Amino acid sequence: MKRKKVVLITGASTGMGRATAELLALKGYEVYAASREPQRLLDLREKNIIPIYMDIADPKSVEKSVKALGRIEILVNNAGYGLVSSVEEFDEREMFDQFNINVFGLLRVTKHAIPLMREANGGIIINISSFLGKIGLPLLTMYNATKYAVEGVTDSLRYELADFNIRVHSIMPGFFDTQFARSNLATNKDTFKEESPYRHIVSNLIPQIVEQINSGNDAKEVARLIYRIIEDKNFPTRATVGDKAKKFIPMRKELSDEDFERRVKEYYNL
Ligand SMILES: NC(=O)c1ccc[n+]([C@@H]2O[C@H](COP(=O)([O-])OP(=O)(O)OC[C@H]3O[C@@H](n4cnc5c(N)ncnc54)[C@H](OP(=O)(O)O)[C@@H]3O)[C@@H](O)[C@H]2O)c1
């Protein structure tokens, strides 16, 4: 009997991670769903998904959990959150933590997965970036910077790992109705004070963004895209998914920086 391919998904307790774990288990993959709180995934055991503990901010936790698997053919780097803050007001900790999860965490898991993929003579790494990995927005500067960085990681790693038959892809989702706006947007307290000089941007932009995320696309669409990427060895480097990404990414390519900025300002009343 052909053995099942092993998939590791980070940040799998909710949203896109959970939807992907469910779909890939259904399609016959051996799925390890990593979370800081694997007890939240116990219900998935009856769907043949194995919850594991991993704190991607902790290098030792990552090394231990990845090595314990012994085999990984597919890695979905999904864990991430968003900092909402002006640059003037965020502190060192907020700045570092945003990169520590969205970029360094992704790199830590990838670093330990690569040797296992090389031993298996191949693998697939799928990085969940964002359409905000190609488009900037005020008060999301740090989040934007991390997702632009994920795009850079994807481009560089593709060269580095091509000789080992390891494919690297990025997915740039638009807004999706997950736990992201409900539990995983961290806000800087000064930026959200009445007297903040950024108050007008907070009150114009943030309710719109939160509303657009909470009424966004279904995470199952991301799961289906991940499955397509895994199954198609010729799949392009990066893909967009969701209405907002499909609207804004082509527009970003077609317009000049200034024209695009004007459109975004009009759209969000900035
Ligand atoms: N929703 C959107 O509109 C949207 C749009 C574009 C891109 N994205 C990206 O898509 C990915 C998945 O997000 P989602 O929409 O599915 O949101 P979600 O439901 O909030 O899931 C995000 C997962 O990331 C992990 N995570 C969050 N903060 C973390 C932290 N401080 N340390 C470690 N892990 C943390 C959590 O995993 P555990 O609690 O299981 O550890 C959480 O389940 C993220 O990388 C996000 O940036 C989302």
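View 1. L139 is buried, because 25 other C-beta atoms lie within 10 Å and 20 or more are enough to count as buried. This is a predicted model. L139 sits in the loop between strand 6 and helix 4, which covers residues 141–162. Its phi is near 70 degrees, a positive value in a residue other than glycine. Most residues other than glycine have a negative phi.

View 2. N48 is found in the loop between strand 2 and strand 3.

**View 3. The whole protein.** The protein has nine helices and nine strands. Its C-alpha trace spans about 65 × 40 × 30 Å along the principal axes. The radius of gyration is 19 Å. For 270 residues, a compact globule would have a value near 18 Å, so the two agree. Of the 270 residues, 42% count as buried. Residues 24 or more positions apart account for 72% of them.

View 4. Strand 2, residues 30–35, pairs with strand 3 in the parallel sense. Five bridges join this pair. Look for A33: its bridge partner in strand 3 is P51.

**View 5. Strand 6 and its two partners.** Strand 6 covers residues 123–128. Six of its six residues are buried, so the strand is largely enclosed by the rest of the structure. G123, I125 and N127 point one way. I124, I126 and I128 point the other way. Strand 4 (residues 74–77) pairs with strand 6 in the parallel sense over four bridges. In this pair, N77 stands opposite N127. Strand 7 is also a parallel partner of strand 6, here over six bridges. G123 has I166 of strand 7 as its bridge partner. I128 stands opposite I171 in strand 7.

**View 6. Strand 7, covered on both faces.** How many of the residues of strand 7 are buried? Eight of its eight residues are, and the strand is mostly covered. On one side are I166, V168, S170 and M172. On the other are R167, H169, I171 and P173. Both sides are buried.

**View 7. I171 and its contacts.** I171 lies in strand 7. I171 counts as buried, because it has 27 C-beta neighbours inside 10 Å. Which residues does I171 contact, leaving aside its neighbours within four places in sequence? They are I126, I128, S129, V222, L225, A239 and V241. Consider I126. I126 and I171 are 45 residues apart along the chain, yet their C-alpha atoms are separated by 7.3 Å.

**View 8. The shell around the ligand.** There are 30 residues around the ligand. Which of them come nearest? G11, S13, G15, S35 and G80 do. Two elements give two or more residues to the shell: helix 1 (15–26) and helix 5 (180–183). Helix 1 gives the most, with three residues. By type, the shell divides into 14 nonpolar, 14 polar and two charged residues.

How values were computed
Residues numbered from 1 in each chain as written. Predicted model: local features only at pLDDT ≥ 70, side-chain atom pairs only at ≥ 80, totals over all residues. Near = placed C-beta within 6 Å. Nonpolar A, V, L, I, M, F, W, Y, C, P; charged D, E, K, R; others polar. Rg over C-alpha atoms; globule rule 2.2 N^0.38 Å. Buried ≥ 20, exposed ≤ 12 C-beta atoms within 10 Å, placed from the backbone. Contact = placed C-beta atoms within 7 Å. Pairing = 2+ DSSP bridges.
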